[in-house]
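Here is a short tour of one protein model. Look at the sequence and the structure first, then read on.

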Amino acid sequence: MSEIKKMYIRGEWVEAESGETLEVFNPATGECVGVVSYGDERDAKKAIDAAHEAFKEWSRLPGRQRSKYLTKLYGLVMKHRNELAELMSAEMGKPFGEAKFEAVGSADNFLWYAEEAKRIYGETIPSYDGNKRLMAIKQPVGVVAAITPWNFPVNMVARKIAPALAAGCTVVLKPAMESPLSAVRLFELMEEAGFPKGVVNLVLAKAEKFGDEVLQNRKVAKITFTGSTAVGKHLMEGAAKQVKRISMELGGHAPFIVFEDADLDAAVAGFFESKFRNSGQMCISTNRLYVHESVVDAFTEKLVARLKKTKVGDGRQKGVEIGPLVDEEALNGVMEHIRDAKEKGGRVIFGGNRLTEGEYSKGFFLEPTVITHVTPDMKITYEETFGPVVPIIPFKEEEAVLEMANDTRYGLAAYCYTKDNSRCFRVAESLEYGIIGVNDGTPTQTQAPFGGLKESGLGREGGRYAMESFLETKFISMSI
């Protein structure tokens, strides 16, 4: 049996109070790639207590000193980026190249917020009274509970805890149990970086048990969550009972619009990145592809030609661009969208099948899939499809396609390709989404805001915007 990976609480590696463990399986091969402790609310409470005790000293530490810890962690993550990438590929199937890029991006978060830790500014405010001095200062909110998904198992952790730590908060993290191994390794690097005991805590636990403790425990000041809209709503409802601060990055249903004047080669390349990276298992993945009727045939031909050259397989193999779905439930959900579309008149012009022969026999592989003759009643047009499947929908007029693109309860990311500069601004301003990629299929960077409108969430991650969500503004009026 593999060595059991433990939780990290109060600076020590500990087993679950229950003694339970959980096996982690590679979705490409079915092999067990690790075993972790599997806890409950008791472990969550211990971690929250540890973070609460550590908050007093950590929050008072000068930003320059917090910065040193984060800078050291940046160096360690960069040093071990290949190892982290290998763990990600093994536990959730991501192609190694993508996983390495994620590890480097995670390191960049620690470096960026190492700098931001030194730039938490307040301000003086002119008073109406000459005998008063007014000022506003920024202080950390307190203990932060961070809950991260399996699809970006290192970067999502870094995006949440780096600004929290820079702001002076202490953290309790629960990663997704489909991909906990890379989080464990990241916390080993935090230990090596020398973070004081209790400042960072890792809990490997049942989602419901952890969530209930976080919602009920008054020592938790803020919850930051990335995941489904349904779970996000549950957390929001529970957090409201104690007015806990929340940041939510939830589901998406991104439209990708190709206008008649677009560079089709660039549009296909950008679309491939937005749709098939991480096997389509991204909240900002394209879900609906709108192509102007005058270029839809040419675009479709180029897209299918690109997919014919795409290698599907175990993410650890050289040249693989699309890995497996994370588990059987995920695969079945995507297959249901394909089945539903076919029953309602959709035509699968490429892919559409589960891969089961030879090297694919033990994994959750799906061919990249293209569907035409799409109608609005198909699930694929309004439910999030977390997989490598795309419905192509022709359009005639700009106004009509914008109406279709905005006709969703989600508002996370949207994309458009056009050479018309006026249209670039007009469309970007009209799309009801928090992230817009204009002639850009990968519109995310560490220093930029990331988050959605409508039911896609609350708040922003990235850049100075993330720092603000972990800080309180305190007003001080002083009579002299």
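## Helix α11

The expected span of a helix is 1.5 Å times one less than its number of residues. This model is predicted. Its helix α11 covers residues 328-343, 16 residues in all. From first C-alpha to last, α11 reaches 22 Å, close to the expected 22 Å.

Look at the two ends. At the start of α11, a side-chain oxygen of Asp 327 comes to within 3.3 Å of the backbone nitrogen of Glu 329. Gly 345 follows α11, and its phi is positive, near 105°.

Which residues of α11 are buried? They are Ala 330, Leu 331, Val 334, His 337, Ile 338, Asp 340 and Ala 341. Their cover includes several strands: β15 (347-350), β16 (354-355), β17 (365-366), β18 (369-372) and β19 (389-395).

## Nonpolar cores

In soluble globular proteins, nonpolar side chains tend to be buried together. The largest nonpolar core here has 78 residues. Within that core, Phe 110 and Phe 195 touch the most other members. Beyond its neighbours within four places in sequence, Phe 110 contacts Leu 70, Leu 73, Tyr 74, Val 77, Ala 158, Ile 161, Ala 162 and Leu 186.

## The largest pocket

The largest pocket has a volume of about 1400 Å³. Its lining has 45 residues. Nearest the centre lie Trp 150, Glu 178, Gly 227, Ser 228 and Val 231.

Helix α11 returns here: α7 (207-216), β11 (220-226), α8 (229-240) and α11 each supply at least two lining residues.

Definitions and conventions:
Residues are numbered from 1 along each chain as its sequence is written. This is a predicted model: local features need pLDDT of at least 70, side-chain atom pairs count only at pLDDT 80 or more; totals for chains, interfaces and linings use all residues. Side-chain values use heavy atoms; hydrogens and water are left out. Helices (H or I, at least four residues) and strands (E, at least two) are DSSP runs, numbered from the N terminus. Buried means under 20% relative accessible area, exposed over 50%, partly exposed in between (1.4 Å probe, protein chains only). Contact means heavy atoms within 4.5 Å. A polar contact is a pair of N or O atoms within 3.5 Å; within protein, one must be able to donate a hydrogen and the other to accept it, and residues adjacent in sequence count only if both atoms are side-chain atoms. A nonpolar core is a set of buried Ala, Val, Leu, Ile, Met, Phe, Trp, Tyr and Cys residues joined through side-chain atoms within 4.5 Å. On a 1 Å grid over the protein atoms alone, a cavity is a set of points where a 1.4 Å probe fits but cannot get out, and a pocket is an open set with protein on both sides within 12 Å along at least five of seven lines; lining residues have an atom within 4 Å of a point. Grid points are joined across faces, edges and corners, and a volume is the space filled by probe spheres set on the points.
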